Amino acid sequence: MDDIEAELNIAETHADFTQDESEHRQRLKRPVQLHCQVKDRGFFTGIYFLKCNRKCLELLREAMLHHRWQEAVGYFSSYIQTLEAKTYNSYQSVVAEILWRLGTEILHHLPNTSNEDFNALYEQLKNVGVLNFSKISLEHCYHLLLNGQMDEAKRQLSIAESWRYGRVSRSQSLSKTLITAYCGLLDYLIWNEKKSSVSENEELSSNHEMHSYFRQASVTLKDIISLPGIWDPFVLSYVNMLEFYKQEESALQALENYAYNKEFPSNPNAHVYLYQFLKRHDAPREKLISTLRILHSLVPSHELMLELCNLLLDTS
């Protein structure tokens with residue numbers, strides 16, 4: 001008798017699923033698909049798990065929309081446990097992004113949330129699928145930096161930088177490049193913090209600990225900003241260190257390559273940084289005008305055009 005009732009319940013579930021299938025497809029165009037092999041009569045089928053998964057996500061979103069955050073925690077816990085049962089590899093990236101967005105939103109609104117809660121969420125997300133390890137590690141680093149935890153951010157990035165998983169690690173070249181870039185930026189931030197904490201009686205340029213971080217950061221940042229891309233904060237950090245150690249020629253070379261290298265995407269900020277550097281070091285007026293003329297061709301309404309007008313008036 002129990003077996004018959006179980007089969008009737010499953011049949012009703014299948015009927016309900018066909019009725020609202022079109023509605024669910026509109027809400028989740030790429031649903032997370034879970035599958036379960038049926039071995040005995042009365043077992044839940046894969047399509048039943050799919051419907052439960054969608055329903056759980058619907059209730060979770062409903063709770064979040066109405067700011068019922070404690071209720072949302074319960075649904076989120078059920079949702080992530082269901083997804084961890086088994087997911088298709090092709091949906092792992094989608095799963096990780098859904099969980100990251102939902103989880104962080106809930107934690108931001110939940111009272112008495114600690115940094116440990118965020119750290120636990122990120123560690124759990126890294127294990128949802130290996131395809132997302134580098135990406136989630138970067139997101140974790142951003143969160144730690146926003147909360148001033150530079151040492152922990154550095155530790156997490158070091159783990160991510162040494163992470164390997166067969167062909168997956170080779171396919172994530174962009175994430176690996178960003179991880180290396182932020183390792184260099186963190187070394188710069190630590191160097192800058194050490195510089196601020198050194199006493200006035202101590203010679204800054206001869207501080208061995210500072211110089212160690214300078215070497216690490218400068219080597220990494222030099223390699224990163226030589227790659228085509230938009231590297232504004234990394235370029236500024238690199239130039240700041242070089243100026244501090246009176247290496248103006250190297251700083252100028254880096255800025256000119258960033259601004260004039262044709263392999264790099266067009267970036268007005270690169271010309272702004274070059275102009276500001278030239279102005280700080282009393283470059284000839286003709287050099288300043290030449291740099292601003294290029295900026296004018298990119299952004300005619302830039303605020304520095306007032307300085308270009310003044311320079312042109314001085315030469316007339």
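This is a predicted model: local features need pLDDT of at least 70, side-chain atom pairs count only at pLDDT 80 or more; totals for chains, interfaces and linings use all residues.
**The whole chain**

The secondary structure comes to 15 helices and zero strands. Of the 316 residues in the protein, 41% are buried. The protein exposes about 18400 Å², and carbon and sulfur atoms supply 51% of that area. If you consider the contacts between residues at least 6 apart in sequence, 58% of them join residues at least 24 apart.

**Helix α7**

Now select residues 150-161, which form helix α7. At 1.5 Å a residue, these twelve residues should span 16 Å, and the end C-alpha atoms of the helix are 16 Å apart, which agrees. Next, colour the buried residues of α7, which are M150, A153, K154, Q156, L157 and A160. If you then look down the axis of α7, its buried residues fall within an arc of 165 degrees, so they line one face of the helix.

The axes of α6 and α7 come within 8 Å and cross at roughly 170 degrees. That crossing makes α6 roughly antiparallel to α7. To see the contact itself, show the side chains of F133, S137, L138, H140, C141, L144 and L145 on α6, together with M150, E152, A153, Q156, L157, I159 and A160 on α7.

From this group, pick out Q156, which is found in helix α7. Is Q156 buried or exposed? Its relative accessible area is 3%, and because buried means under 20%, Q156 counts as buried. Leaving out residues up to four places away in sequence, Q156 touches E123, K126, H140 and L144.

**I179 in helix α9**

Move on to I179, whose place is in helix α9. With a relative accessibility of 0%, I179 counts as buried. Select E161 as well: I179 and E161 are 18 residues apart in sequence, while their C-alpha atoms are 6.4 Å apart in space. Apart from neighbours within four places in sequence, the contacts of I179 are S134, L138, L157, A160 and E161.

**Helix α13 and its surroundings**

Select residues 268-280 for helix α13, which has 13 residues. From its first C-alpha to its last, α13 reaches 19 Å, close to the 18 Å expected at 1.5 Å a residue. The buried residues of α13 are A270, H271, V272, Y273, L274, Y275, F277 and L278.

**Two loop residues with positive phi**

In general, most residues other than glycine have a negative phi. Against that background, select D282, which is found in the loop between α13 and α14. D282 is not a glycine, and yet it has a positive phi of about 55 degrees. With 69% relative accessibility, D282 counts as exposed.

For another example, select N112, in the loop between α4 (92-109) and α5. The phi of N112 is near 65 degrees, a positive value in a residue other than glycine. N112 counts as exposed, at 80% relative accessibility.

For the last stop, select R285, whose place is in helix α14. R285 is partly exposed, with a relative accessible area of 36%. Not counting residues up to four places away in sequence, R285 touches L311, D314 and T315. R285 and D314 are 29 residues apart in sequence, and their C-alpha atoms are 9.3 Å apart in space.

Then colour α15 by burial, where the buried residues are M305, L308 and L311. Seen down the axis of α15, these buried residues fall within an arc of 110 degrees, so they line one face of the helix. The cover over them includes α13 and α14. Turn the view to the face of α15 that points away from its buried side, and there you will find the exposed residues L306, L313 and D314.

How values were computed:
Residues are numbered from 1 along each chain as its sequence is written. Side-chain values use heavy atoms; hydrogens and water are left out. Helices (H or I, at least four residues) and strands (E, at least two) are DSSP runs, numbered from the N terminus. The expected span of a helix is 1.5 Å times one less than its number of residues. Buried means under 20% relative accessible area, exposed over 50%, partly exposed in between (1.4 Å probe, protein chains only). The arc is that of the directions from the helix axis to the C-beta atoms. Contact means heavy atoms within 4.5 Å. Accessible areas come from the Shrake-Rupley method with a 1.4 Å probe; for residues, only the protein chains shown count as cover. Axes are lines fitted to C-alpha atoms, for helices over the stretch in contact, and angles run from 0 to 180 degrees between N-to-C directions. Angles under 35 degrees count as roughly parallel, over 145 as roughly antiparallel, 65 to 115 as roughly perpendicular and the rest as oblique.
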